[in-house]
2 protein chains.
Amino acid sequence: MINLKLIFRVLGFLVLVEGLAMLLALLVSIIYKEDDLNAFFIISSGCIVLGLAVVFFTRKSSKKIGKREGFTIVSLVWIVFSIFGSLPYMINGYIPDFTNAFFETMSGFTTTGSSILRDIEALPHGILFWRSISQWLGGMGIIVLSLAVLPIFGIGGMQLYAAEVPGPAPDKISPKIKQTAKMLWGIYLILTVSEAILLWVGGMSFFDSICHSFTTMATGGFSTKQASIAHWDSPFIHYVIIIFMFLAGTNFSLTFSALNGKFIRVFKDEEFKYYISFIGIFTLIIFAGLLISQLYGVEKSFRDALFQVVSIITTTGYVTADYLLWHPFLTILIFSLFFFGGSAGSTGGGIKIMRIVILLKNSYYELKRMIHPHAVIPVRFNNHSVDSKIVTNVLAFFILYFLIFIVGSVIFTIMEPDMPSAMGAVATCLGNIGPGLGNVGPVENFYHIAPAGKWFLSGLMLLGRLELLTVLVLFSPSFWKE
Amino acid sequence: MINLKLIFRVLGFLVLVEGLAMLLALLVSIIYKEDDLNAFFIISSGCIVLGLAVVFFTRKSSKKIGKREGFTIVSLVWIVFSIFGSLPYMINGYIPDFTNAFFETMSGFTTTGSSILRDIEALPHGILFWRSISQWLGGMGIIVLSLAVLPIFGIGGMQLYAAEVPGPAPDKISPKIKQTAKMLWGIYLILTVSEAILLWVGGMSFFDSICHSFTTMATGGFSTKQASIAHWDSPFIHYVIIIFMFLAGTNFSLTFSALNGKFIRVFKDEEFKYYISFIGIFTLIIFAGLLISQLYGVEKSFRDALFQVVSIITTTGYVTADYLLWHPFLTILIFSLFFFGGSAGSTGGGIKIMRIVILLKNSYYELKRMIHPHAVIPVRFNNHSVDSKIVTNVLAFFILYFLIFIVGSVIFTIMEPDMPSAMGAVATCLGNIGPGLGNVGPVENFYHIAPAGKWFLSGLMLLGRLELLTVLVLFSPSFWKE
């Protein structure tokens, strides 16, 4: 029997947390004396009361948490958060219908950044703040999930890092969850504050600085401006955001090492090397392409190339240039970055650098295996040979990802009959990026998509954010069989 | 040291075979008394003399054939064949420049079917016949390669079938090559003749019947008409071609079993079941879609759906309807079929049904593995558990295929800046299909592509036809190191 009471208890506790987070948005409304004040007051107190009540009534639940409870909670958290989180948008009529509000909130909590809003600047500060903090909470949730919770269940490829710790990994990690989580939140908070200060120094308003540092560190990409980061014509601001997007897409346990002075570990890390190499290669090619097409000057070409590459590879989704106006060769290069994603253990979504590296290595080694069919040639990563089970898991993940992308694009053409637009929308939501191609491109939004399409994309965001298998396993009958 | 002499000997022998095949085209020229007669006379005698000379001068070569010689010969055969095979097009000026002639010939020998011709009906019969026979020879080459040669080297996934024969497989197969080859050619010939007779009975001219039976059985798709099979408005002809495309995309060893009355083996074969299921599902959806869009009547809708599905999944590439005029949902469904391919051991190209099935099963089993992390859950295929080495090989193949498709599409946009056209051209050539999307769609041709693009696509055809790894291994330094 599944421990329903415990599931309710955990969800109740998290709704309480969501209600408390709304209090911050309420505070913003009070400061700016805007008309979203009442909405935030009602909804946050509602969430807090409901959360407290559920926690109180389930206080006698058994503490036994198994796989079934774990996976169910993980998927439900994002759904429950998005349902309650969409209420502030609806009550004051800023996003009156539930479909749009849910899409926007799911896009927030999954740190995707796709938006249905057509006039962001018209929104009150409380709402804008709530939008940003939803991504920040989502990002915080995901690092804890991927570095502290999922490895216990053997998903997310983070077993590779767990394997570096000598001794039987699961026993070591479980009691460490709280400690690891604290350390990660510490880094997340430090980086957020640092970025906010730098952006403020760079000339952003205090409010915008905070909102953007929230959504950068979450690799979310929601902006307080309709034109996204292109709104600020400041190289300083652009470079600051590039650096923090880069950090947000880096494994947080590496950042922890760096903060402790262990730079050797950072630069020996294979995923980090590839992460930098991919960014370097793509930036150089696009920089060259932009120079040839003579769209902008040299510095701006470089900055735009670097910004867009880092923004897409880390799955943040901010824009400073409309890549759809570039030569199609550069546009499709950007589109191919939709299938990379941040590092494992970062807030970035997508396939992730580590998986890409293992996939490429395995294919290369297959040639060697063909030449020496009787030799056992394992994939090596960070100087360890990777267990073939992990390779198969990574490959299975990739196949599923590709399959969902293809089938998703096919289904989506029913609602959006333009092929690049359909493929762009599906890829960007599945990879938690933000902007797509065609009529969901960087200067467009998702407002015009049919309701069914919005629900479909919301599902893809969730699926992508939770590493596919975490959600799909809930649909497997043998998961529910004793 | 690589046995260069032997490589020359084998290639010399094959050029001799090509020269003999050209004699057949010469015969056609003589019958129709057309102006391509001299060209065929000169080139076929040239090939025969050259072939004989090479065979004569290398008669003392050692018989030692290793992996290195094997892989080198396989890749070179298609290139050498295409170089000599393009001469007949060039000499009489029907395709004056080498790039176009090479593209057309490579498209022939790899059984792709993409064409640069803008007025096929203006060509003399000898040239048309040569075009068709180049595909037929290519198809014959590929079934021998995939069922008798590659399994020895452990590629192509056919180890699975080899594994069904008890005892150590390689020893068993080597002496059997000649016998297996004879049996396969027998079936290939019987099916070709049967189809030619049926098409002729159905109202095609004798010449067209032979040409189309050649290109159907090779899953090639070259037609003697600019409009392809749409030229004939005859349901009978369409259904006959559907049946033979289906057979050409079926594992020839299964057809052999069926001809020997062992129907149980055929219907127990898992790849065959999935092959039929995929065709059934896609046909039904497209049939329904065509009915809804009310483009044609009921029977024609069904026939067009079935024809296009079978044509694309088997990688033949004939067309009876322009799928680009359908609703984008149906077009992208057809495009997703570009990533299927025929059965293993058929003349069909692409990823192949068996690989798709193993990939899907492995991803599904991964969910089970996640639920029971300590259980060993192998992929099962045809009631045997599949060696994890084969699964890794299949997965590596898929990753490479996908990577080549993505990188190829990106590079190709430099030459062809329309994204769907670029993706369509790369996918259709890599999968040895024929028609693509956009301006290389079913009623278009490849004439307008820049020369660099044509060479690029010719390379992709070769890569796809030879199962990627066979060609790529030649570029691996460790392959050449002792």
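**Exercise 1.** How many salt bridges does the structure hold over all chains?

*Solution.* Start with the ground rules. This is a predicted model, in which local features need pLDDT of at least 70, side-chain atom pairs count only at pLDDT 80 or more, and totals for chains, interfaces and linings use all residues. Residues are numbered from 1 along each chain as its sequence is written, chains are lettered from A and ligands numbered from 1 in the order in which they are written, and side-chain values use heavy atoms, leaving out hydrogens and water.

Next, apply the rule: a side-chain nitrogen of Lys or Arg lies within 4 Å of a carboxyl oxygen of Asp or Glu. The total over all chains is 16.

Now take one case. E270(A) bridges to K361(A), with the closest N and O atoms 2.4 Å apart. This pair links distant parts of the chain, 91 residues apart: E270(A) is in helix 14 (residues 270-293) of chain A and K361(A) is in helix 17 of chain A. Helices here are DSSP runs (H or I, at least four residues), numbered from the N terminus.

**Exercise 2.** Describe the interface of chain B and chain A.

*Solution.* Count residues first. Each side gives its own number: 50 from chain B and 50 from chain A. Contact means heavy atoms within 4.5 Å.

Then take the area. About 4,600 Å² is buried, and carbon and sulfur atoms give 79% of it. Buried area is the accessible area (1.4 Å probe) that two parts lose on being put together, summed over both.

**Exercise 3.** Find where helix 17 of chain A meets helix 18 of chain B.

*Solution.* Locate the helices: residues 353-371 of chain A and residues 388-415 of chain B. Then list residues. L359(A), L360(A) and E366(A) are among those on one side. A396(B), I399(B) and L403(B) are among those on the other.

Terms used. Axes are lines fitted to C-alpha atoms, for helices over the stretch in contact, and angles run from 0 to 180 degrees between N-to-C directions. Helices (H or I, at least four residues) and strands (E, at least two) are DSSP runs, numbered from the N terminus.
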